[in-house]
Amino acid sequence: MKTTNWEIQVKKNTKKLAIWTALWTSSMALATFGPKFIWDENTILTILAVLLNALLGLGMILMNIRHINALDDLQKKIQLDAMGIALGTGVVGGLSYSLLDITNLISNDAEISFLVIFMSVTYMISLLIGQKRYK
Amino acid sequence: MKNRLKVLRAEYNFTQADLANKLGVSRQTVNAIEKGKFDPSLPLAFKMSKLFQLSIEEIFQNEELE
């Protein structure tokens, strides 16, 4: 199947976004495990690692905005629907999860990582459904 | 919304990929518009209008107004 110029541009942006995301997640791992395993709880290095993580996160967000702006009408709609579902279920699910913790209905503390995983999975499933719907 | 995109594309002997390239959108978007699953934005409708040298109303018909 012939690839359009538009598709080539979107592929380039997607690749750049993947690189920024990989850098951000790597810096997250560095800031999380570095203090214990690499620099022996040195406060300055820990602050620098957290700042680096925040800066790379900002870069990832800006690249994501550029990526979405370059999409066409339909792709933007699919993304918007998926983001809306992920945000909505994240807020509702996250608050319900927090309530379960506050009211001691669950034995463990509510972990933010569960919410991030839940929102990510919801977003990916919504994207797949959106892509299938307009195929 | 109904549209004549598929017919016009055939008249111009364009494939969906050709039309997508000329409009700067994905082939999936052209396909979704042709099947009536998705209505294009006004800028995209104007691009189609310019490409086929027809008014927007000659390409798209709003079923609710008929």
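Is B:Thr29 buried or exposed? In this predicted model, B:Thr29 is buried, because its relative accessible area is 0%, and the cut-off for calling a residue buried is under 20%. You will find B:Thr29 in helix 3 of chain B, the run covering residues 27–34.

Let's look at what surrounds this residue. Leaving aside residues up to four places away in sequence, B:Thr29 touches A:Asp72 and A:Leu74 from chain A, along with B:Phe38 and B:Leu44 from chain B. With A:Asp72 there is also a side-chain to side-chain polar contact, at 2.5 Å.

Zooming out, the contact between the chains takes 16 residues from chain A and 18 residues from chain B. The size of an interface is often given as the accessible area lost when the parts come together. For chain A and chain B, the buried area is about 1400 Å², and carbon and sulfur atoms give 51% of it. Seven residue pairs are in polar contact across this interface, counting pairs with both residues at pLDDT 80 or more, while the number of salt bridges between the two chains is zero.

Which elements of chain A give two or more residues to the side that touches chain B? They are helix 1 (5–37), helix 3 (73–102) and helix 4 (112–133) of chain A. Helix 3 of chain A gives the most, with five residues. By class, the side of chain A that touches chain B has seven charged, five nonpolar and four polar residues.

Now turn to chain A on its own. Five residues from domain 1 and six residues from domain 2 of chain A make up the contact between them.

Together, these two domains of chain A bury about 470 Å², with 70% of that on carbon and sulfur atoms. On the domain 1 side, A:Trp6, A:Ile68 and A:Leu71 supply 85% of the area buried against domain 2 of chain A, more than any other three residues. The side of domain 1 of chain A that touches domain 2 has four nonpolar residues, one polar residue and no charged residues.

Key
Residues are numbered from 1 along each chain as its sequence is written. Chains are lettered from A and ligands numbered from 1 in the order in which they are written. Side-chain values use heavy atoms; hydrogens and water are left out. Helices (H or I, at least four residues) and strands (E, at least two) are DSSP runs, numbered from the N terminus. Buried means under 20% relative accessible area, exposed over 50%, partly exposed in between (1.4 Å probe, protein chains only). A polar contact is a pair of N or O atoms within 3.5 Å; within protein, one must be able to donate a hydrogen and the other to accept it, and residues adjacent in sequence count only if both atoms are side-chain atoms. Contact means heavy atoms within 4.5 Å. Buried area is the accessible area (1.4 Å probe) that two parts lose on being put together, summed over both. A salt bridge is a side-chain nitrogen of Lys or Arg within 4 Å of a carboxyl oxygen of Asp or Glu. Ala, Val, Leu, Ile, Met, Phe, Trp, Tyr, Cys and Pro count as nonpolar, Asp, Glu, Lys and Arg as charged, and the others, Gly among them, as polar.
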